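Q: Got a model up that I'd like to walk through. Can you take my questions as they come?

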Amino acid sequence: MGTSRFAILSVFSALVLHFSLTMSDPVHDSFLQCLSHLSAPSPPISGVFYTPTNSSYTYVLQSYIQNLRFMSPTTPKPQFIVAPSHVSHVQATIICCKIHGLQLRIRSGGHDYDGLSYVSDVPFVILDMFNLRAVSVDIENEWAWVQSGATMGELYYGIAEKSNKYGFPAGVCPTVGVGGHFSGGGYGNMMRKYGLSVDHVLDAQIVDANGRILDGESMGEDLFWAIRGGGGASFGVIVAWKIRLVPVPETVTVFRVEKTLEQGALDLLHQWQYVADKIHEDLFIRVVILPVNRKDHKTIKAKFVSLFLGNSERLLALMNESFPELGINSNNSIEMTWVESIIYWSNYVKGTPISVLLDRTPQSRKYLKKKSDYVLVPLSKPDLEGILNTMMELQKPALTFNPYGGRMSEISESETPFPHRAGNIYKIQYSVTWKEESMEAADHYLNMIRRIYDYMTPYVSKSPRCSYLNYRDVDLGVNHNGHVSYEEASIWGTKYFKDNFDRLVQVKSRVDPDNFFRYEQSIPSVANRNYVTAE
(Lines give C-alpha, C1' and ligand atoms only; values in the text may rest on other atoms or scores of the structure.)
Protein backbone atom coordinates (compact mmCIF):
# COMPACT_ATOMS: atom_id res chain seq x y z
CA MET A 1 0.00 0.00 0.00
CA GLY A 2 1.83 3.10 -1.18
CA THR A 3 1.16 6.34 0.71
CA SER A 4 2.61 9.58 -0.62
CA ARG A 5 5.19 11.14 1.67
CA PHE A 6 4.82 14.78 2.60
CA ALA A 7 8.06 16.53 3.42
CA ILE A 8 7.77 18.22 6.80
CA LEU A 9 11.11 17.76 8.45
CA SER A 10 12.82 20.48 6.41
CA VAL A 11 10.62 23.14 7.98
CA PHE A 12 10.53 21.68 11.47
CA SER A 13 13.38 23.67 12.99
CA ALA A 14 12.01 26.97 11.76
CA LEU A 15 8.52 26.16 12.92
CA VAL A 16 9.68 25.33 16.44
CA LEU A 17 10.87 28.92 16.76
CA HIS A 18 7.80 30.33 15.02
CA PHE A 19 5.30 28.57 17.22
CA SER A 20 7.22 29.25 20.40
CA LEU A 21 6.61 32.92 19.63
CA THR A 22 2.89 32.48 19.01
CA MET A 23 1.98 30.59 22.16
CA SER A 24 0.22 33.68 23.40
CA ASP A 25 -2.55 32.76 20.92
CA PRO A 26 -5.25 30.40 22.17
CA VAL A 27 -3.93 26.85 22.25
CA HIS A 28 -6.63 25.74 19.83
CA ASP A 29 -5.67 28.24 17.14
CA SER A 30 -1.98 27.67 17.60
CA PHE A 31 -2.28 23.90 17.47
CA LEU A 32 -4.53 23.93 14.38
CA GLN A 33 -2.19 26.40 12.68
CA CYS A 34 0.70 24.07 13.43
CA LEU A 35 -1.18 21.08 12.00
CA SER A 36 -2.14 22.97 8.86
CA HIS A 37 1.42 24.14 8.21
CA LEU A 38 2.89 20.69 8.64
CA SER A 39 0.40 18.53 6.74
CA ALA A 40 -0.55 18.12 3.10
CA PRO A 41 -3.05 20.77 1.92
CA SER A 42 -5.40 18.12 0.56
CA PRO A 43 -7.23 16.58 2.23
CA PRO A 44 -7.16 19.46 4.77
CA ILE A 45 -6.46 18.40 8.33
CA SER A 46 -8.98 20.97 9.62
CA GLY A 47 -11.74 18.60 8.47
CA VAL A 48 -10.58 15.85 10.85
CA PHE A 49 -9.69 18.07 13.82
CA TYR A 50 -12.08 18.09 16.78
CA THR A 51 -12.14 20.25 19.91
CA PRO A 52 -14.54 20.20 22.88
CA THR A 53 -16.45 23.09 21.29
CA ASN A 54 -16.97 21.15 18.07
CA SER A 55 -20.43 19.61 17.71
CA SER A 56 -18.93 16.27 16.63
CA TYR A 57 -16.33 16.06 19.41
CA THR A 58 -18.37 13.99 21.88
CA TYR A 59 -19.62 11.64 19.18
CA VAL A 60 -16.11 11.01 17.84
CA LEU A 61 -14.69 10.57 21.35
CA GLN A 62 -17.36 8.14 22.50
CA SER A 63 -17.71 6.14 19.27
CA TYR A 64 -14.66 4.03 20.11
CA ILE A 65 -14.86 3.90 23.89
CA GLN A 66 -15.68 0.21 24.30
CA ASN A 67 -15.45 0.15 28.11
CA LEU A 68 -18.14 2.26 29.79
CA ARG A 69 -15.88 2.74 32.82
CA PHE A 70 -14.12 5.40 30.76
CA MET A 71 -17.19 7.26 29.52
CA SER A 72 -18.03 8.97 32.80
CA PRO A 73 -18.20 12.77 33.22
CA THR A 74 -15.10 12.62 35.45
CA THR A 75 -12.95 10.72 32.92
CA PRO A 76 -10.21 13.04 31.60
CA LYS A 77 -10.94 14.22 28.07
CA PRO A 78 -8.49 15.08 25.29
CA GLN A 79 -7.84 18.69 24.40
CA PHE A 80 -8.11 17.72 20.75
CA ILE A 81 -8.88 14.70 18.60
CA VAL A 82 -7.22 14.24 15.23
CA ALA A 83 -8.69 11.53 13.00
CA PRO A 84 -6.08 11.42 10.21
CA SER A 85 -7.18 10.67 6.67
CA HIS A 86 -3.66 11.06 5.25
CA VAL A 87 -0.29 9.97 6.59
CA SER A 88 0.86 13.62 6.69
CA HIS A 89 -1.84 14.21 9.31
CA VAL A 90 -0.11 11.63 11.50
CA GLN A 91 3.26 13.28 10.95
CA ALA A 92 1.92 16.74 11.75
CA THR A 93 0.12 15.57 14.90
CA ILE A 94 3.29 14.05 16.30
CA ILE A 95 5.39 17.15 15.65
CA CYS A 96 2.74 19.58 16.89
CA CYS A 97 2.22 17.60 20.08
CA LYS A 98 5.98 17.81 20.69
CA ILE A 99 5.96 21.59 20.07
CA HIS A 100 3.00 22.19 22.38
CA GLY A 101 4.03 19.75 25.10
CA LEU A 102 0.96 17.54 24.72
CA GLN A 103 0.91 13.80 25.27
CA LEU A 104 -0.31 11.65 22.37
CA ARG A 105 -2.68 8.70 22.72
CA ILE A 106 -3.18 6.45 19.69
CA ARG A 107 -6.52 4.72 19.25
CA SER A 108 -7.30 2.05 16.69
CA GLY A 109 -10.54 0.36 17.71
CA GLY A 110 -10.88 1.39 21.34
CA HIS A 111 -10.80 -2.12 22.79
CA ASP A 112 -7.94 -1.31 25.17
CA TYR A 113 -9.41 -2.88 28.30
CA ASP A 114 -8.03 -0.24 30.66
CA GLY A 115 -8.56 2.73 28.34
CA LEU A 116 -4.88 3.60 27.90
CA SER A 117 -5.38 4.44 24.22
CA TYR A 118 -7.77 7.30 24.94
CA VAL A 119 -7.39 8.45 28.57
CA SER A 120 -4.57 10.35 30.28
CA ASP A 121 -4.15 12.36 33.48
CA VAL A 122 -2.04 14.99 31.70
CA PRO A 123 -3.04 17.27 28.79
CA PHE A 124 -3.28 15.02 25.75
CA VAL A 125 -4.42 14.56 22.17
CA ILE A 126 -6.07 11.45 20.73
CA LEU A 127 -4.84 10.34 17.32
CA ASP A 128 -7.91 8.35 16.25
CA MET A 129 -7.06 6.09 13.33
CA PHE A 130 -10.58 5.20 12.14
CA ASN A 131 -10.30 7.08 8.84
CA LEU A 132 -7.18 5.11 7.86
CA ARG A 133 -8.85 1.76 7.33
CA ALA A 134 -8.16 0.68 3.76
CA VAL A 135 -7.79 -3.05 3.04
CA SER A 136 -6.05 -4.22 -0.14
CA VAL A 137 -5.97 -7.96 -0.76
CA ASP A 138 -3.72 -9.68 -3.33
CA ILE A 139 -4.85 -13.30 -3.56
CA GLU A 140 -2.37 -14.20 -6.32
CA ASN A 141 0.58 -13.27 -4.09
CA GLU A 142 -1.17 -14.35 -0.86
CA TRP A 143 -0.76 -11.07 1.01
CA ALA A 144 -2.74 -8.00 2.02
CA TRP A 145 -2.04 -4.44 3.14
CA VAL A 146 -4.34 -3.25 5.90
CA GLN A 147 -4.32 0.13 7.61
CA SER A 148 -4.33 0.28 11.40
CA GLY A 149 -7.75 1.92 11.66
CA ALA A 150 -9.46 -1.02 9.99
CA THR A 151 -11.32 -3.51 12.14
CA MET A 152 -10.71 -7.24 12.09
CA GLY A 153 -14.16 -7.62 10.55
CA GLU A 154 -13.26 -5.30 7.69
CA LEU A 155 -10.08 -7.29 7.06
CA TYR A 156 -11.93 -10.63 7.09
CA TYR A 157 -14.63 -9.26 4.78
CA GLY A 158 -11.98 -7.96 2.38
CA ILE A 159 -10.32 -11.39 2.22
CA ALA A 160 -13.65 -13.20 1.80
CA GLU A 161 -14.63 -10.90 -1.06
CA LYS A 162 -11.63 -12.19 -3.00
CA SER A 163 -11.52 -15.86 -1.97
CA ASN A 164 -12.99 -18.46 0.39
CA LYS A 165 -9.71 -20.37 0.39
CA TYR A 166 -7.72 -17.86 2.44
CA GLY A 167 -8.00 -16.39 5.91
CA PHE A 168 -5.84 -14.78 8.55
CA PRO A 169 -4.97 -15.94 12.10
CA ALA A 170 -6.31 -13.24 14.39
CA GLY A 171 -9.08 -12.48 16.86
CA VAL A 172 -12.73 -13.42 16.59
CA CYS A 173 -14.18 -10.08 17.72
CA PRO A 174 -14.87 -8.24 14.44
CA THR A 175 -14.90 -4.71 15.92
CA VAL A 176 -11.36 -4.90 17.34
CA GLY A 177 -8.97 -2.51 15.59
CA VAL A 178 -6.13 -3.96 13.54
CA GLY A 179 -3.49 -1.55 14.89
CA GLY A 180 -3.68 -2.50 18.55
CA HIS A 181 -4.46 -6.14 17.88
CA PHE A 182 -1.43 -6.77 15.69
CA SER A 183 1.03 -4.72 17.71
CA GLY A 184 0.16 -6.68 20.87
CA GLY A 185 0.55 -10.08 19.25
CA GLY A 186 -2.91 -10.93 17.97
CA TYR A 187 -4.25 -14.39 18.80
CA GLY A 188 -7.35 -16.19 17.63
CA ASN A 189 -8.84 -19.61 17.01
CA MET A 190 -6.32 -20.56 14.29
CA MET A 191 -3.32 -19.98 16.57
CA ARG A 192 -2.67 -23.71 17.06
CA LYS A 193 -2.44 -24.10 13.27
CA TYR A 194 -0.71 -20.86 12.29
CA GLY A 195 0.47 -19.05 15.42
CA LEU A 196 -0.24 -15.36 16.04
CA SER A 197 -1.06 -12.47 13.75
CA VAL A 198 2.46 -11.09 14.21
CA ASP A 199 3.94 -14.36 13.00
CA HIS A 200 2.54 -13.40 9.57
CA VAL A 201 3.48 -9.71 9.35
CA LEU A 202 5.69 -9.11 6.30
CA ASP A 203 6.12 -5.34 6.40
CA ALA A 204 4.76 -2.25 8.13
CA GLN A 205 4.63 1.51 7.75
CA ILE A 206 5.34 3.56 10.87
CA VAL A 207 5.74 7.25 11.66
CA ASP A 208 8.43 7.72 14.28
CA ALA A 209 8.97 10.39 16.96
CA ASN A 210 10.70 12.63 14.42
CA GLY A 211 7.81 12.47 11.96
CA ARG A 212 9.62 10.18 9.54
CA ILE A 213 7.72 7.56 7.55
CA LEU A 214 9.56 4.25 7.75
CA ASP A 215 8.93 0.81 6.26
CA GLY A 216 10.22 -2.54 7.42
CA GLU A 217 13.57 -2.05 5.72
CA SER A 218 14.21 1.57 6.70
CA MET A 219 13.08 1.12 10.31
CA GLY A 220 15.62 -1.66 10.78
CA GLU A 221 15.40 -5.20 12.12
CA ASP A 222 15.13 -4.28 15.81
CA LEU A 223 12.23 -1.84 15.48
CA PHE A 224 10.42 -4.17 13.09
CA TRP A 225 10.83 -6.89 15.71
CA ALA A 226 9.59 -4.63 18.52
CA ILE A 227 6.32 -3.55 16.91
CA ARG A 228 5.31 -7.17 16.26
CA GLY A 229 4.06 -7.90 19.77
CA GLY A 230 5.77 -5.23 21.87
CA GLY A 231 2.94 -2.71 21.68
CA GLY A 232 3.36 -0.29 18.80
CA ALA A 233 2.32 2.83 20.73
CA SER A 234 5.63 2.80 22.62
CA PHE A 235 7.61 3.27 19.41
CA GLY A 236 5.57 5.31 16.95
CA VAL A 237 2.33 5.37 15.01
CA ILE A 238 1.91 2.27 12.86
CA VAL A 239 -0.10 3.35 9.84
CA ALA A 240 -0.35 0.06 7.93
CA TRP A 241 0.65 -3.60 7.93
CA LYS A 242 1.50 -6.03 5.15
CA ILE A 243 0.38 -9.51 6.15
CA ARG A 244 0.72 -13.00 4.72
CA LEU A 245 -2.61 -14.75 4.16
CA VAL A 246 -2.99 -18.39 5.16
CA PRO A 247 -4.87 -21.17 3.37
CA VAL A 248 -8.14 -22.35 4.88
CA PRO A 249 -10.35 -25.20 3.64
CA GLU A 250 -13.52 -24.33 1.78
CA THR A 251 -15.43 -26.08 4.55
CA VAL A 252 -14.74 -25.71 8.27
CA THR A 253 -16.75 -27.13 11.16
CA VAL A 254 -17.83 -25.54 14.43
CA PHE A 255 -19.58 -26.68 17.56
CA ARG A 256 -20.81 -25.17 20.80
CA VAL A 257 -21.64 -27.54 23.67
CA GLU A 258 -22.73 -26.45 27.15
CA LYS A 259 -22.48 -28.56 30.29
CA THR A 260 -23.36 -27.76 33.89
CA LEU A 261 -21.82 -29.33 36.98
CA GLU A 262 -24.78 -31.67 37.13
CA GLN A 263 -23.98 -32.76 33.57
CA GLY A 264 -20.35 -33.52 34.30
CA ALA A 265 -18.69 -30.14 33.64
CA LEU A 266 -15.99 -30.70 36.26
CA ASP A 267 -14.83 -33.99 34.74
CA LEU A 268 -14.90 -32.49 31.23
CA LEU A 269 -12.84 -29.47 32.28
CA HIS A 270 -10.31 -31.72 33.92
CA GLN A 271 -10.05 -33.93 30.83
CA TRP A 272 -9.92 -30.91 28.48
CA GLN A 273 -6.58 -29.90 30.05
CA TYR A 274 -5.00 -33.14 28.81
CA VAL A 275 -6.48 -32.91 25.32
CA ALA A 276 -6.81 -29.34 24.09
CA ASP A 277 -3.11 -28.48 23.60
CA LYS A 278 -2.16 -31.91 22.21
CA ILE A 279 -5.00 -32.68 19.83
CA HIS A 280 -4.54 -32.09 16.06
CA GLU A 281 -3.51 -28.50 15.31
CA ASP A 282 -6.51 -28.05 12.98
CA LEU A 283 -8.75 -28.12 16.07
CA PHE A 284 -9.17 -25.31 18.59
CA ILE A 285 -11.51 -25.85 21.57
CA ARG A 286 -12.09 -22.89 23.87
CA VAL A 287 -13.92 -23.23 27.19
CA VAL A 288 -15.92 -20.38 28.74
CA ILE A 289 -16.76 -21.03 32.40
CA LEU A 290 -19.65 -19.09 33.95
CA PRO A 291 -21.32 -19.14 37.38
CA VAL A 292 -25.10 -19.35 36.97
CA ASN A 293 -28.04 -19.20 39.35
CA ARG A 294 -30.81 -21.77 39.04
CA LYS A 295 -34.10 -21.46 40.91
CA ASP A 296 -32.98 -23.55 43.85
CA HIS A 297 -29.18 -23.66 43.59
CA LYS A 298 -25.99 -22.23 42.12
CA THR A 299 -24.00 -24.08 39.50
CA ILE A 300 -21.35 -23.68 36.82
CA LYS A 301 -21.89 -23.71 33.07
CA ALA A 302 -18.94 -24.66 30.84
CA LYS A 303 -19.29 -23.74 27.17
CA PHE A 304 -16.99 -25.65 24.79
CA VAL A 305 -16.67 -23.67 21.56
CA SER A 306 -14.65 -24.97 18.64
CA LEU A 307 -13.28 -24.26 15.19
CA PHE A 308 -12.03 -27.19 13.12
CA LEU A 309 -10.26 -26.57 9.83
CA GLY A 310 -11.94 -29.40 7.98
CA ASN A 311 -15.27 -31.11 7.41
CA SER A 312 -17.49 -32.68 10.07
CA GLU A 313 -16.54 -36.24 9.14
CA ARG A 314 -12.89 -35.58 10.00
CA LEU A 315 -13.85 -33.68 13.15
CA LEU A 316 -16.09 -36.46 14.48
CA ALA A 317 -13.39 -39.06 13.89
CA LEU A 318 -10.87 -36.90 15.73
CA MET A 319 -13.18 -36.17 18.66
CA ASN A 320 -14.28 -39.80 19.01
CA GLU A 321 -10.65 -40.78 19.24
CA SER A 322 -9.32 -37.97 21.49
CA PHE A 323 -12.23 -36.53 23.49
CA PRO A 324 -15.33 -38.76 23.20
CA GLU A 325 -16.56 -37.63 26.62
CA LEU A 326 -17.70 -34.31 25.14
CA GLY A 327 -20.27 -36.07 22.95
CA ILE A 328 -19.71 -34.28 19.64
CA ASN A 329 -21.87 -35.71 16.84
CA SER A 330 -23.49 -34.73 13.56
CA ASN A 331 -26.34 -33.00 15.41
CA ASN A 332 -24.20 -30.51 17.33
CA SER A 333 -21.51 -29.80 14.73
CA ILE A 334 -22.07 -27.42 11.84
CA GLU A 335 -20.23 -27.04 8.55
CA MET A 336 -19.72 -23.58 7.04
CA THR A 337 -17.12 -21.40 5.36
CA TRP A 338 -14.24 -19.91 7.35
CA VAL A 339 -15.61 -16.36 7.21
CA GLU A 340 -19.01 -17.63 8.38
CA SER A 341 -17.26 -19.18 11.37
CA ILE A 342 -16.13 -15.68 12.43
CA ILE A 343 -19.79 -14.66 12.57
CA TYR A 344 -20.68 -17.83 14.47
CA TRP A 345 -17.95 -17.20 17.04
CA SER A 346 -19.18 -13.63 17.44
CA ASN A 347 -22.57 -15.02 18.56
CA TYR A 348 -24.62 -13.70 15.67
CA VAL A 349 -27.74 -15.69 14.76
CA LYS A 350 -27.48 -18.29 12.03
CA GLY A 351 -27.92 -16.82 8.57
CA THR A 352 -26.50 -13.41 9.42
CA PRO A 353 -24.89 -12.07 6.22
CA ILE A 354 -21.12 -11.59 6.20
CA SER A 355 -21.67 -7.87 5.60
CA VAL A 356 -22.20 -7.64 9.38
CA LEU A 357 -18.41 -7.78 9.60
CA LEU A 358 -18.35 -4.22 8.25
CA ASP A 359 -20.27 -2.95 11.28
CA ARG A 360 -17.76 -1.09 13.43
CA THR A 361 -20.12 -0.85 16.42
CA PRO A 362 -20.06 -3.70 18.99
CA GLN A 363 -23.32 -5.50 19.68
CA SER A 364 -23.20 -4.07 23.21
CA ARG A 365 -20.96 -2.01 25.46
CA LYS A 366 -20.57 -2.63 29.18
CA TYR A 367 -18.56 -1.70 32.21
CA LEU A 368 -15.80 -4.26 32.35
CA LYS A 369 -12.48 -5.42 33.71
CA LYS A 370 -10.24 -8.18 32.32
CA LYS A 371 -7.12 -9.97 33.53
CA SER A 372 -5.05 -12.90 32.27
CA ASP A 373 -2.85 -15.82 33.31
CA TYR A 374 -0.99 -18.77 31.80
CA VAL A 375 -1.22 -22.39 32.98
CA LEU A 376 1.78 -24.67 32.57
CA VAL A 377 0.66 -27.70 34.60
CA PRO A 378 -2.84 -29.26 34.50
CA LEU A 379 -4.95 -28.48 37.55
CA SER A 380 -6.06 -31.41 39.66
CA LYS A 381 -9.76 -32.14 39.91
CA PRO A 382 -9.92 -30.99 43.57
CA ASP A 383 -8.16 -27.76 42.61
CA LEU A 384 -10.58 -27.18 39.75
CA GLU A 385 -13.47 -27.87 42.09
CA GLY A 386 -12.15 -25.26 44.50
CA ILE A 387 -11.95 -22.71 41.68
CA LEU A 388 -15.49 -23.43 40.56
CA ASN A 389 -16.78 -23.14 44.12
CA THR A 390 -15.06 -19.78 44.46
CA MET A 391 -16.66 -18.62 41.21
CA MET A 392 -20.09 -19.63 42.47
CA GLU A 393 -19.44 -17.78 45.71
CA LEU A 394 -18.45 -14.61 43.86
CA GLN A 395 -21.27 -15.14 41.32
CA LYS A 396 -20.00 -12.78 38.63
CA PRO A 397 -16.51 -13.31 37.13
CA ALA A 398 -16.18 -15.60 34.11
CA LEU A 399 -13.07 -17.54 33.07
CA THR A 400 -12.12 -18.41 29.49
CA PHE A 401 -9.54 -21.12 28.80
CA ASN A 402 -7.76 -20.83 25.43
CA PRO A 403 -5.59 -23.81 24.44
CA TYR A 404 -2.02 -23.49 23.18
CA GLY A 405 0.20 -26.20 21.64
CA GLY A 406 0.52 -26.90 17.94
CA ARG A 407 2.33 -24.17 16.01
CA MET A 408 2.58 -22.03 19.16
CA SER A 409 5.01 -24.55 20.67
CA GLU A 410 7.27 -24.47 17.62
CA ILE A 411 8.12 -20.74 17.63
CA SER A 412 10.91 -19.41 19.82
CA GLU A 413 10.07 -17.11 22.75
CA SER A 414 12.42 -14.51 21.28
CA GLU A 415 11.16 -14.66 17.69
CA THR A 416 8.81 -11.76 18.49
CA PRO A 417 8.29 -9.80 21.74
CA PHE A 418 5.35 -12.10 22.53
CA PRO A 419 7.06 -14.78 24.66
CA HIS A 420 4.23 -17.14 25.65
CA ARG A 421 5.00 -20.09 23.43
CA ALA A 422 6.14 -23.66 24.27
CA GLY A 423 5.26 -24.95 27.74
CA ASN A 424 1.92 -23.16 28.03
CA ILE A 425 -1.07 -25.48 28.12
CA TYR A 426 -3.63 -22.70 28.04
CA LYS A 427 -4.23 -19.06 28.74
CA ILE A 428 -6.91 -17.82 31.12
CA GLN A 429 -8.91 -14.67 30.57
CA TYR A 430 -10.74 -13.39 33.64
CA SER A 431 -13.73 -11.20 32.87
CA VAL A 432 -16.29 -9.29 34.85
CA THR A 433 -18.97 -7.03 33.36
CA TRP A 434 -21.72 -4.96 34.92
CA LYS A 435 -24.38 -2.37 34.09
CA GLU A 436 -24.54 -0.20 37.21
CA GLU A 437 -23.00 3.27 36.83
CA SER A 438 -21.86 4.04 40.39
CA MET A 439 -18.31 4.00 41.71
CA GLU A 440 -19.51 1.70 44.48
CA ALA A 441 -20.61 -0.83 41.86
CA ALA A 442 -17.29 -0.53 40.04
CA ASP A 443 -15.35 -1.12 43.25
CA HIS A 444 -17.53 -4.12 44.05
CA TYR A 445 -16.96 -5.84 40.72
CA LEU A 446 -13.28 -4.93 40.53
CA ASN A 447 -12.86 -6.55 43.94
CA MET A 448 -14.58 -9.68 42.64
CA ILE A 449 -12.20 -10.19 39.71
CA ARG A 450 -9.17 -9.43 41.86
CA ARG A 451 -10.31 -12.02 44.41
CA ILE A 452 -10.57 -14.81 41.83
CA TYR A 453 -7.23 -13.70 40.32
CA ASP A 454 -5.60 -13.88 43.76
CA TYR A 455 -7.18 -17.27 44.41
CA MET A 456 -5.58 -18.60 41.21
CA THR A 457 -2.04 -17.68 42.26
CA PRO A 458 -0.87 -21.24 43.14
CA TYR A 459 -2.06 -22.68 39.83
CA VAL A 460 -0.53 -20.39 37.19
CA SER A 461 2.89 -19.33 35.88
CA LYS A 462 5.41 -17.95 38.36
CA SER A 463 8.56 -15.81 38.33
CA PRO A 464 7.10 -14.00 36.52
CA ARG A 465 3.38 -14.52 36.73
CA CYS A 466 2.77 -13.88 33.04
CA SER A 467 0.03 -11.86 31.35
CA TYR A 468 -1.03 -11.13 27.78
CA LEU A 469 -0.28 -7.59 26.61
CA ASN A 470 -3.54 -7.20 24.69
CA TYR A 471 -5.46 -7.95 27.87
CA ARG A 472 -4.06 -4.71 29.24
CA ASP A 473 -4.14 -4.71 33.04
CA VAL A 474 -2.96 -1.71 35.07
CA ASP A 475 -3.22 -3.79 38.26
CA LEU A 476 0.14 -5.25 37.24
CA GLY A 477 1.83 -1.88 37.67
CA VAL A 478 2.14 1.47 35.91
CA ASN A 479 4.65 4.17 35.10
CA HIS A 480 3.55 6.86 37.53
CA ASN A 481 2.91 10.39 36.26
CA GLY A 482 4.21 9.44 32.85
CA HIS A 483 7.81 9.33 34.08
CA VAL A 484 9.08 5.97 32.94
CA SER A 485 11.87 4.23 34.82
CA TYR A 486 13.28 0.82 34.01
CA GLU A 487 12.76 -0.38 37.57
CA GLU A 488 9.11 0.64 37.64
CA ALA A 489 8.32 -0.61 34.15
CA SER A 490 10.06 -3.95 34.65
CA ILE A 491 7.48 -4.88 37.30
CA TRP A 492 4.75 -5.17 34.67
CA GLY A 493 7.03 -5.45 31.63
CA THR A 494 8.49 -8.84 32.52
CA LYS A 495 4.97 -10.20 33.04
CA TYR A 496 4.03 -9.28 29.48
CA PHE A 497 7.36 -9.90 27.76
CA LYS A 498 9.58 -12.03 30.05
CA ASP A 499 13.22 -11.79 28.88
CA ASN A 500 12.19 -9.86 25.76
CA PHE A 501 11.54 -6.79 27.92
CA ASP A 502 15.21 -5.81 27.98
CA ARG A 503 15.50 -5.87 24.20
CA LEU A 504 12.35 -3.74 23.93
CA VAL A 505 13.95 -1.20 26.29
CA GLN A 506 17.06 -1.10 24.12
CA VAL A 507 15.01 -0.52 20.96
CA LYS A 508 12.90 2.17 22.63
CA SER A 509 15.99 3.98 23.91
CA ARG A 510 17.41 4.12 20.40
CA VAL A 511 14.32 5.08 18.36
CA ASP A 512 12.57 7.35 20.91
CA PRO A 513 15.31 8.45 23.34
CA ASP A 514 13.28 11.42 24.61
CA ASN A 515 10.34 9.15 25.44
CA PHE A 516 7.77 11.09 23.43
CA PHE A 517 5.54 8.02 23.01
CA ARG A 518 4.66 7.30 26.61
CA TYR A 519 1.72 6.18 28.69
CA GLU A 520 1.05 4.20 31.86
CA GLN A 521 2.50 0.97 30.46
CA SER A 522 4.83 2.19 27.73
CA ILE A 523 8.29 0.73 27.26
CA PRO A 524 10.80 3.03 29.04
CA SER A 525 13.62 4.87 27.34
CA VAL A 526 16.84 4.78 29.30
CA ALA A 527 18.89 6.85 26.88
CA ASN A 528 21.64 8.85 28.57
CA ARG A 529 21.29 6.82 31.77
CA ASN A 530 23.44 4.10 33.23
CA TYR A 531 21.68 0.92 32.29
CA VAL A 532 22.73 -2.70 32.04
CA THR A 533 20.33 -5.34 30.80
CA ALA A 534 19.90 -8.53 32.75
CA GLU A 535 22.22 -11.28 31.58
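Q: Which residues does Lys508 touch, leaving out those up to four places away in sequence?
A: Lys508 touches Ser234, Phe235, Pro513, Asn515, Phe517, Ile523, Pro524 and Ser525. A contact here means heavy atoms within 4.5 Å. This is a predicted model: local features need pLDDT of at least 70, side-chain atom pairs count only at pLDDT 80 or more, and totals for chains, interfaces and linings use all residues. Residues are numbered from 1 along each chain as its sequence is written, and side-chain values use heavy atoms, with hydrogens and water left out.

Q: Which side chain does the Lys508 side chain make a polar contact with?
A: That of Asn515, at 3.4 Å. A polar contact is a pair of N or O atoms within 3.5 Å; within protein, one must be able to donate a hydrogen and the other to accept it, and residues adjacent in sequence count only if both atoms are side-chain atoms.

Q: Is Lys508 buried or exposed?
A: Buried, because its relative accessibility is 0%. The cut-offs are under 20% relative accessible area for buried, over 50% for exposed and partly exposed in between, with a 1.4 Å probe and protein chains only.

Q: And which helix is Lys508 in?
A: Helix α16, residues 500-511. Helices (H or I, at least four residues) and strands (E, at least two) are DSSP runs, numbered from the N terminus.

Q: Switching to the sheet. What is the strand order?
A: β1-β2-β4-β3, an open sheet of four strands with mixed pairing. Two strands pair if DSSP finds at least two bridges between them.

Q: Which strands stand at the edges?
A: β1 (49-50) and β3 (103-107). Each has a single partner strand, so one side of each lacks a neighbour in the sheet.

Q: How many bridges join β2 to β4?
A: Three, and the two strands run parallel. Val82 stands opposite Leu127 in β4. β3 and β4 also pair in the parallel sense, over five bridges. There, Leu104 is opposite Val125 in β4.

Q: Which way do the β4 residues point?
A: Phe124, Ile126 and Asp128 point one way, Val125 and Leu127 the other. Five of the five β4 residues are buried, so the strand is largely enclosed by the rest of the structure.

Q: Last one. How confident is the model?
A: The protein chain averages a pLDDT of 93, and 93% of residues score at least 70. pLDDT is the predictor's confidence in each residue, from 0 to 100. Over residues 1-25 the pLDDT is below 50. Residues 530-535 stay under 50 as well.
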